[in-house]
Amino acid sequence: MSKRLDLIRHWLFDELSLPKTSVELASSDASFRRYFRIETPEGRRIVMDAPPQHEDIRPFESIARQLATHGVHVPHVYASCAERGLMLLEDLGNTPYLARLSTESAEILYRDALATLLHIQSCPADELPRYGQGLLMREMHLFDEWFLQRQLGLHLTDDDRALLQDVYTQLAARAVAQPQAFVHRDFHSRNLMVTNDRSPGVIDFQDAVSGPITYDLVSLLRDSYIEWPEQRVQQWARDFHGLLITHGTQPPGWDQFWTDFNWISAQRHLKVAGIFARLNLRDGKSDYLKDIPLTLRNMHHAMRPYPEFSQFLIWLDERLADTDFVS
């Protein structure tokens with residue numbers, strides 16, 4: 001901590017010749033990155049600290065440039081040093097969507113977010129990593145490895161593993177069969193910032209991929225940090241489906257689009273439950289455990305209408321019955 005702070009101060013004040021000022025911790029996230037806020041003569045700036053042995057900041061800078069070109073409000077990059085994992089960024093403030101969302105504000109905030117998602121999906125995705133079957137399967141296996149076995153201490157039999165593998169395979173196949181687009185991967189209420197100009201500001205996009213067209217919509221509307229009535233979720237999804245058509249995209253018909261949305265929601269929430277358990281057990285970030293019940297409810301909402309998953313949901317409910325994670 002102290003060595004990284006010394007490095008940050010040397011870079012800012014000696015190499016970039018900024019006036020000396022305090023370097024205050026602004027936030028951290030689920031990765032190894034931390035963010036500091038400083039005052040400059042031109043206003044506040046954010047310093048991203050991403051130790052290079054854990055993080056590579058070059059994708060962030062490249063994708064930021066691409067998103068900005070397509071009208072997305074991302075932090076402007078004033079300076080960067082990939083070798084040391086440091087970046088000086090525009091400060092988008094400290095008000096995430098999660099702090100402002102309410103029954104009354106949601107329509108306006110989500111209208112802006114859906115418009116931003118259109119801009120994101122207008123970006124070319126050909127050069128991004130592909131969100132293919134291998135990655136989708138590895139993500140879902142976080143659920144059985146980190147949540148079921150490590151967090152809950154469950155023993156999985158061969159039949160259990162076969163059931164899980166069948167579910168994962170079906171979900172991955174449906175994902176790769178969807179129309180593919182630029183995917184942020186974490187387009188949710190903690191990564192959308194309420195800004196005075198061109199709201200929302202978008203952060204945490206460095207892991208973007210080419211993947212299913214419904215993925216970011218799921219991240220937004222079936223968020224693991226805030227819950228909405230299912231009827232409202234479906235209406236917002238319909239609104240976005242209409243926006244895609246209006247702007248010249250040819251998505252699948254509504255029924256197929258909604259099914260694709262739900263199956264991607266199941267995939268994402270299996271992954272997220274595993275990630276939250278891993279953050280607790282590996283990284284000591286226990287606060288994420290409180291978000292697992294909503295994550296599991298989201299998964300149930302997504303899978304319940306489809307008989308392909310009825311056996312899995314019965315099995316899972318039985319396994320979770322005596323735990324703190326009943327969905």
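Tutor: Let's start with Glu83, which sits in the loop between β4 (77-81) and β5 (86-90). Helices and strands here are DSSP runs numbered from the N terminus (H or I for helices, at least four residues; E for strands, at least two). Bear in mind that this is a predicted model, where local features need pLDDT of at least 70, side-chain atom pairs count only at pLDDT 80 or more, and totals for chains, interfaces and linings use all residues. Residues are numbered from 1 along each chain as its sequence is written, and side-chain values use heavy atoms, with hydrogens and water left out.

Glu83 has a relative accessible area of 65%, so it counts as exposed. The cut-offs are under 20% for buried, over 50% for exposed and partly exposed in between, with a 1.4 Å probe and protein chains only. Now pair Glu83 with Asp216: they are 133 residues apart along the chain, and their C-alpha atoms are separated by 31 Å. For scale, the C-alpha trace of the protein spans about 65 × 50 × 40 Å along its principal axes.

Arg34 makes a handy contrast. It belongs to strand β2 (residues 34-40), and its relative accessibility is 16%, so Arg34 counts as buried. From Arg34 to Met87 is 53 residues in sequence but 11 Å in space, C-alpha to C-alpha.

Zooming out, the protein has eleven helices and nine strands. Its radius of gyration is 20 Å, close to the 20 Å that the globule rule gives for 327 residues, so the protein is as compact as a globular protein of that length. That radius is taken over C-alpha atoms, and the rule is 2.2 Å times the number of residues to the power 0.38. Of the 327 residues, 54% are buried.

What about the inside? Nonpolar side chains tend to be buried together in soluble globular proteins. A nonpolar core here is a set of buried Ala, Val, Leu, Ile, Met, Phe, Trp, Tyr and Cys residues joined through side-chain atoms within 4.5 Å. The largest one has 97 residues, and Tyr110, Phe143, Phe147 and Phe312 touch the most other members. Helix α9 (residues 254-281) gives the most to this core, with 13 residues. Apart from it lies another core of 14 residues, including Trp11, Leu12, Val47 and Leu88.

Contact means heavy atoms within 4.5 Å. Among the contacts in the protein with a separation of 6 or more, 71% are between residues 24 or more positions apart.

Most residues other than glycine have a negative phi, and most peptide bonds are trans. Ser17 isn't a glycine, yet its phi is positive, about 60°; it lies in the loop between α1 (2-15) and β1 (24-28), and it counts as exposed at 57% relative accessibility. Asp204 also has a positive phi, about 60°, without being a glycine. Its loop runs between β8 and β9 (209-212), and Asp204 is buried, with a relative accessible area of 15%. Finally, Ser199 and Pro200 are joined by a cis peptide bond, with omega about 5°; Pro200 is in the loop between β7 (192-193) and β8 (201-202).
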